[in-house]
Structures are given as C-alpha cells and as structure tokens.
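Here is a friendly tour to read with the model open beside you. Take it section by section, and turn the view as you go.

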Amino acid sequence: MNGCEIRVAGARFAYGAQEALRGIDLTIGAGEQVALVGPNGAGKTTLTRLLVGLRRPSAGRVTVGDWDVSRKRPDEMARRVGYAFQHSDQQLFARTVESDVAFGPRCLGRSAGAVPGVLEELGLTGVAHLHPYDVPGPMRKLVALAGVLAMEPCVLVLDEPTAGLDRAQRLRVVAALARRAAGGEGVTMLAVSHDLAFVAEAAARVVVMRDGRVAADRPARELLYDREALAALGLRPPATAQIGMALGLAGSPIHAREVVDALRRTEWRRTAE
Amino acid sequence: MTALIALEHVSFTYPGAARPALTDVSLELAAGDVLVVTGETGAGASTLLLVLAGFAPRVVGGHLSGSRSGTAQRCGVVFARPWTQLTGLCPTVRDEVAFGPASLGRPRDAVLAAAGRALEQLRIPHLADREPGQLSGGELQRVVVAAALAMGPDVLALDDPAAELDPEAADALYDLLPAIARAGTAVVVATPDLERAARVATRGVVLDAGRLVAQGAPAEVLDATDAAVIARAAGCPPPLPLDVPALVRRVAR
Amino acid sequence: MIGYVPGRSPLHRAHPYTTLALAGAILLGAFALTGPLAVWLLVLAAAAFAAVGGVLRASLRTALVLSLPIWVLLFVLHGLLGAEPRIVLGPVALSAAGVARALVLGGRVTAIVLGFLAALATASPHALVEAMTADGVPFGRTFLLASTLTVLPRMRERAVQILEAQQCRGLRLGGSPVARLRALGPLVLPLVLGALAEVDEQVLALDARGAAGAARRTALAPPNDSAGQRVLRWTLLVLVAAAYAWKFRSMRG
C-alpha cells in the first residue's frame with residue numbers, strides 16, 4: 001500500500017454558469033495529511049469530487065499518482081482513492097454492518113480480510129451483525145468510514161468525517177487515520193473539515209479555500225494559532241491552541257497530548273477565582 | 001413548584017428491541033431550564049428526548065414503565081437534519097413556519113402573527129419570503145426551530161441540532177437557546193457537542209447505557225469538553241474548568 | 001421532467017382541481033374513444049393542454065421516453081402478429097389491422113401520460129393542499145396525496161447521490177445483464193431505506209406541528225376559483241359521461 005501523490009494543476013470547474021473552481025493549483029505529496037477548510041461555497045466539496053473522478057475539470061489537470069483523473073471512471077479511481085461522503089446514509093444497504101463494510105473490497109475484487117480489523121478500530125465489532133439502519137445515526141457514519149478504510153486505498157478523501165460524532169468516536173477516527181499515516185507506507189489524506197480540534201490532531205498542513213481558489217496553504221501549527229485568519233473563515237482556534245496562546249506555551253502545541261505534557265507541572269488553583 | 005415534565009423511574013424499550021433504551025430514569029424539567037442531555041452514542045440521549053417530549057411511546061411505539069407527568073401541554077421537536085423536517089410543500093419560509101399554528105385551526109391573522117413572532121425570535125424575519133430549498137443549512141435549521149416555536153410549545157426538544165451546521169451557524173443557534181427558555185419555552189438539548197452546549201446550559205444530565213449517571217450544575221456534570229479533558233489529564237482538581245478562559249484562570253503558575 | 005415546475009401560465013394560475021380534472025378527463029376519455037382518429041384528436045388535445053401550461057416540449061419528451069417501451073411492444077404484438085391483410089415494408093410484413101390497433105392503444109397511453117405530466121408540472125402541490133384544506137379534508141390525506149407529487153424529484157436527487165457513492169466504492173455500472181441485476185441492490189436499497197429513515201424523522205417533526213391534529217386546519221392562501229372554472233369542471237364530467245354512454249350504446253347496438 002503505497003501513498004499516492006495528488007497533483008492539481010490549473011483546475012477549473014463550473015456548475016452551469018456558476019464557477020465553483022477558478023484555477024486550483026495544489027500538490028499533496030504521498031503520505032501527507034492535509035485538511036481543507038473554508039466557508040460554505042468555497043468549492044471544497046467540488047474539489048474532492050474531482051479527485052475521485054465524479055466530476056471532470058473543465059480546464060487543467062488532476063492526477064492521483066500516475067493516473068489522470070479525467071481518463072478514469074469513479075469505480076476505477078476507487079482502486080486508489082477512498083472517498084468518505086459527508087452523509088453516509090446514501091450508501092448503506094447490506095444485511096449486516098459487516099457485509100456492508102466488505103462491499104467495497106468485494107467490488108474491487110480484493111479480499112475482505114481487512115474488515116474485522118477496521119470494525120475493531122472504529123468500535124463497531126459489537127454491532128457487526130446488526131442491520132446498518134438498526135444502528136444509531138452517528139454509528140452509521142462510522143460504518144460508512146469503515147467501508148472506505150477496508151478498501152485499503154492509498155489516498156483517503158474525507159468530507160466532514162467527525163460531524164455528529166461523540167468524543168470517543170472522534171478519537172477512534174483520529175487514531176485510525178494516524179495508524180495509516182504512520183510509517184513508510186503512509187496513506188495520503190485530504191480531509192474537508194470545520195472541526196478544528198480534529199484538524200489539530202489529524203493534519204499537519206491546512207489548505208484554505210475561498211471563492212473557488214486556494215487562499216492560503218500553511219502548516220497546521222501556524223494557521224491554528226492565527227486567530228485573525230481563522231476569524232475571517234468564521235472559525236475559532238481549537239482549545240489546544242487557545243490554551244497555548246493564553247499561557248504562552250512553547251512550540252505552538254496543537255495536539256492534546258502536547259498541551260497536557262506542557263501543563264503537567266502546573267500548579268492549579270483550588271477554586272475558579 | 002410543579003414541574004413542566006416529571007419522569008419518575010421511567011424505563012423505555014423500543015418495539016422489538018431486546019434491551020431497554022432507558023432504565024429507571026427520574027428527572028424533572030422546569031420553566032426557564034436549558035437542560036443538556038449527553039452521553040456516548042447509543043446511551044439513550046435521543047430516546048430520553050423523545051420520552052420527555054411525549055413522542056415515545058405515543059408516536060414511536062414501544063413500552064414505557066414508570067410515570068411521565070407534568071403541566072406541559074405541548075412539546076416541539078427539532079432534529080439534526082434540517083431538510084427532513086420540512087413539509088416539502090411550502091413555497092416560502094413564512095408558509096412553512098405558519099404550518100404548525102394553521103394545524104390548530106386558529107384564524108388566519110393569528111396564524112400569520114404567530115409565524116411572524118417566531119421568525120423574530122430566531123432573528124430571521126428577512127427570510128420570510130424566501131424558498132426553503134434555497135437556504136443554507138444554518139438558515140434552514142433556524143426555520144425549523146421557528147416552525148416548532150410558532151406552535152407556542154411549553155418545551156422545545158432539540159436532538160443534536162447543530163450536527164450538520166458549520167461553526168458560525170452552530171454558535172448562532174446555541175446562543176439563541178437561553179433567550180428561548182427565558183421567553184417561556186423550556187429547552188432540552190441532546191448533544192455530544194459540549195463545547196457549545198456547556199456555554200448555554202442551566203443544568204446537565206449524563207446517560208450511560210440508558211441509565212442516568214449524573215445530574216446537576218453544568219460545571220459539575222458536563223465535564224467532557226476539550227478544556228475539561230485536558231485539565232483533568234494535567235492533574236487539575238475538580239470542579240474542572242469547562243472552557244479555556246476558566247482553565248486559564250485556574251493556572252496558578 | 002416529472003414534477004412541478006413553477007410558472008405563470010393559465011394552467012399554473014388555474015385552480016388545481018381544474019388542472020387535475022382536465023388530466024382526469026383525458027384519462028377517462030382515452031378509454032371511451034375507440035377510433036384512431038378520435039384517439040389521436042385526444043392526443044392533440046393533451047398536447048394543447050401541455051402547451052397552454054407552457055410545458056409542451058418537456059412533457060412531450062418525457063411522455064415519448066416513458067411510452068416508448070409500450071409502443072415497441074404494441075407494434076410487435078399487433079403489427080407483426082396481427083391478422084391479415086399485410087402491408088409490406090421492406091423486410092417486414094405488418095398487419096394493417098394490427099397497426100391500426102397499435103395506433104389506438106399507443107395513442108391512448110400517450111394521451112394519458114402527456115395529460116398527467118402536464119398536470120403534474122402545472123398544479124402546485126402547495127396549492128392543492130391549500131385547496132383541500134379549505135374544503136376541510138384532514139391533513140393526513142392531503143399530505144399523502146401531495147407527498148406523492150413531490151416524491152419523484154426528491155427520489156431522483158437521492159438516486160444520483162447513491163449512484164455516486166456506490167461507484168466510489170467500486171461498483172461498476174453497465175456490463176452483463178447479471179452484473180446489472182446485481183448492481184440493483186446497492187442502488188435501490190439505500191434509496192428505500194434512506195427514505196424510510198427520513199420519513200421516521202419527518203413524521204415526528206410534523207406530528208409535533210399538529211399534522212395529525214383533530215382541529216380543522218386553517219387554509220392560509222386557498223387558490224382562487226372562479227365560476228368559469230367550476231362550469232368547466234362540471235362540463236368535463238358531463239362530456240366524459242356522454243362519451244361513455246355513446247360507447248356503451250354503440251357496443252350494444
């Protein structure tokens with residue numbers, strides 16, 4: 001499982017007369033973990049659709065590894081790119097959670113060997129035998145994500161992967177992504193998200209889109225500490241960065257673990273005064 | 001003081017389910033409350049909401065033991081996905097919001113007045129003539145809340161209302177809840193999103209596997225916000241700070 | 001293609017009962033008329049109906065697409081397998097009587113489909129609900145009817161989303177008949193299951209807004225009716241009855 005590089009060069013796309021992408025240039029190296037943020041209508045989802053072959057750019061070129069996306073169908077792109085949609089209910093159908101998660105690998109002609117491990121990672125082993133619709137809404141989202149991870153793609157494209165999830169579920173998603181990012185065979189990840197706590201844990205680089213263009217491309221540690229830049233996007237820094245800024249912690253920590261380590265030798269006041 | 005809704009030793013099982021979704025829950029809701037119900041997915045927060053609002057078992061089916069009583073006459077409900085809660089038949093936001101009062105058979109003028117008031121309460125009178133299908137998620141969700149409030153309910157139950165919204169819209173929605181409670185409609189919110197809920201809650205309830213495991217002031221009970229989790233891990237003694245300013249104030253250096 | 005398209009044509013402004021009565025008259029009339037000339041005059045009348053509504057081109061296109069399989073079937077059954085005498089058209093010998101029969105049956109289907117497409121495109125579901133509400137029909141029934149009118153565009157949207165999602169999981173479209181059959185499950189099941197899950201929420205949301213209430217709903221904007229339209233509707237009824245009376249007389253005589 002080798003990471004694949006994403007290259008977008010001068011990509012343009014319009015829905016009829018409405019221009020959604022006005023010339024996107026973006027390179028995501030193999031194994032990079034990138035978050036895509038921006039206001040509604042910035043073109044983030046449209047860009048992700050280009051990466052999986054659901055839309056063809058009207059100008060410019062989009063490649064994943066050595067594959068030119070405009071020459072591939074979405075089911076062919078599925079061999080390299082796993083796309084987790086924002087709303088999972090549009091793909092669940094099998095009789096059990098387990099067989100639904102195995103659907104992707106089976107379509108690709110691969111073994112479903114990764115399925116039990118993925119179910120375990122996302123805390124779905126207990127519901128593996130249930131019908132997907134007998135499982136609560138947020139868990140269905142995890143089922144859909146499990147289906148994508150079980151396909152063992154070299155590129156993961158995620159659209160709001162943590163929306164509606166509780167804390168424990170969010171941590172599982174972060175851990176599952178971290179496991180795949182680690183090591184020499186790191187999976188490339190692009191996640192559209194406005195959950196900056198998730199971005200802090202899962203991404204090293206943040207690309208900001210606005211009005212169909214790339215407005216900024218910065219390391220996560222830098223952007224998450226930039227209150228003004230985030231406010232312009234209608235976002236607030238995650239708690240970790242806020243604590244780091246308020247207490248002047250060294251090294252711009254953005255992971256919860258880093259902040260906890262920095263605070264371990266703190267003296268705490270007894271009351272809230 | 002008689003509670004708006006009082007649950008005593010309530011257990012509830014969905015139709016055909018092997019295990020109860022709620023076990024032995026006792027809880028009271030009073031006027032002016034903004035009650036936040038939280039817990040892991042599947043812990044029963046959504047079910048508790050349905051029981052409080054009187055939809056379980058009446059509409060949902062299933063079996064309820066224990067007692068539900070109180071002075072509340074009417075309850076409104078709001079779910080996470082805005083577009084599934086619309087009639088799909090109304091050409092304007094005003095029509096959609098007026099749908100509820102029209103169902104009560106009130107005279108036309110009273111219906112339109114109620115719709116207008118609800119739109120004001122949600123700060124969206126400028127959307128009155130817009131087509132619901134053209135609105136953003138955040139705007140649409142406010143229309144849904146206005147539509148529920150237009151009925152003049154005693155209680156408004158919201159199930160993770162900001163799950164589909166971007167952060168600005170989510171903040172705006174939660175910030176409206178205290179005013180709604182003060183205006184005479186008690187609010188109950190089920191959500192895992194404690195960052196926003198803890199800011200507006202007057203009381204908190206935590207469920208675990210269908211049982212009520214904690215109930216009380218937000219500062220004591222809703223301590224699973226990012227700031228609280230970090231503080232706990234860094235050795236901060238209880239009560240844990242729920243947000244970053246509170247955490248910073250507790251640092252003695 | 002199928003479903004309401006907003007507009008300002010005379011049909012759009014007409015009372016929805018009138019539009020539906022016209023479509024109904026075409027439906028009933030199609031079965032009362034027997035000769036090819038009469039049936040094709042009806043098809044022209046249906047086309048005129050669509051033209052008045054400003055939806056001729058779209059309705060015609062959809063009607064042809066929908067009725068094409070039936071036309072093919074009719075020509076095979078009646079044209080190729082019908083009685084003597086035969087007309088020779090190149091390699092094929094078609095039965096004259098069979099072709100005439102196919103033209104009548106096919107014409108009926110085309111007229112009916114065209115009439116209903118035009119009616120669906122010009123009768124606003126909201127106006128229909130308001131009309132039925134003003135007449136005191138309980139909301140449950142009006143909602144059932146109106147929802148069926150709006151269900152197709154919604155389903156189409158969802159079907160496209162599902163198609164895309166399953167393709168991204170590696171589902172290949174096309175291929176052998178067996179492969180296509182196997183692809184039906186992953187495409188159709190989420191449509192149905194997802195729709196049912198949405199309906200669950202919608203039922204609760206609408207129940208809270210009094211949809212199932214006992215009071216007589218207030219109609220906020222009942223569509224304008226006129227004496228002329230009422231006369232038209234009764235005339236249509238009389239015409240249809242007369243057509244059937246004529247048909248039965250000529251059958252007996």
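The report below goes from the overall build to contacts between chains and then to single residues.

**Before we start**

This is a predicted model, in which local features need pLDDT of at least 70 and side-chain atom pairs count only at pLDDT 80 or more, while totals for chains, interfaces and linings use all residues. Residues are numbered from 1 along each chain as its sequence is written, and chains are lettered from A and ligands numbered from 1 in the order in which they are written.

**Overall build**

Let's begin with chain A. Its secondary structure comes to 11 helices and 10 strands; these are DSSP runs numbered from the N terminus, with helices being H or I of at least four residues and strands E of at least two. The radius of gyration of chain A is 19 Å, close to the 19 Å that the globule rule gives for 273 residues, so chain A is as compact as a globular protein of that length. That radius is taken over C-alpha atoms, and the globule rule is 2.2 Å times the number of residues to the power 0.38. Along the principal axes, the C-alpha atoms of chain A fill a box of roughly 60 × 45 × 35 Å.

Of the 273 residues of chain A, 53% count as buried. Here a residue is buried if 20 or more other C-beta atoms lie within 10 Å of its own, exposed if 12 or fewer, and partly exposed in between, with C-beta atoms placed from the backbone. Among contacts in chain A between residues at least 6 apart in sequence, 67% join residues at least 24 apart; two residues are in contact if their C-beta atoms, placed from the backbone, lie within 7 Å.

Chain C is described by domains. Its domain assignment gives domain 1 (10-123 + 223-252) and domain 2 (137-208), with bounds that come from an automatic or database domain assignment. The C-alpha centres of these two domains of chain C lie 30 Å apart.

**A sheet in chain A**

An open sheet of four strands in chain A has the order β2-β1-β4-β5, with antiparallel pairing. Its edge strands, each pairing on one side only, are β2 (18-28) and β5 (67-68) of chain A. Two strands pair if DSSP finds at least two bridges between them; strands β1 (residues 6-15) and β4 (residues 59-64) of chain A pair over five bridges.

**The nonpolar core**

The largest nonpolar core has 233 residues, and those with the most contacts inside it are A146(A), V37(B) and V155(B). Such a core is a set of buried Ala, Val, Leu, Ile, Met, Phe, Trp, Tyr and Cys residues joined through C-beta atoms within 7 Å. Helix α5 (residues 96-122) of chain C gives the largest share of this core, 10 residues. Leaving aside neighbours within four places in sequence, V37(B) has contacts that include A45(B), L48(B), V188(B) and L207(B).

**Where chains meet**

The contact between chains A and B takes 30 residues from each of them. On the side of chain A, the largest share, five residues, comes from α10(A). That side divides into 17 nonpolar, seven polar and six charged residues. In this count Ala, Val, Leu, Ile, Met, Phe, Trp, Tyr, Cys and Pro are nonpolar, Asp, Glu, Lys and Arg are charged, and the others, Gly among them, are polar.

Elsewhere, 19 residues of chain C are in contact with 18 residues of chain A. The elements that give two or more residues to the chain C side are α7 (139-167) and α8 (177-208) of chain C. This side divides into nine nonpolar, six polar and four charged residues.

**Backbone details in chain B**

|---|---|---|
| A56(B) to P57(B) | near 5 degrees | P57(B): between α1 (45-52) and β4 (63-69) of chain B |
| P238(B) to P239(B) | near 0 degrees | P239(B): between α8 (226-233) and α9 (244-250) of chain B |

D24(B), in strand β2 (residues 22-29) of chain B, has a positive phi of about 50 degrees although it is not a glycine. D24(B) is partly exposed, with 14 other C-beta atoms within 10 Å.
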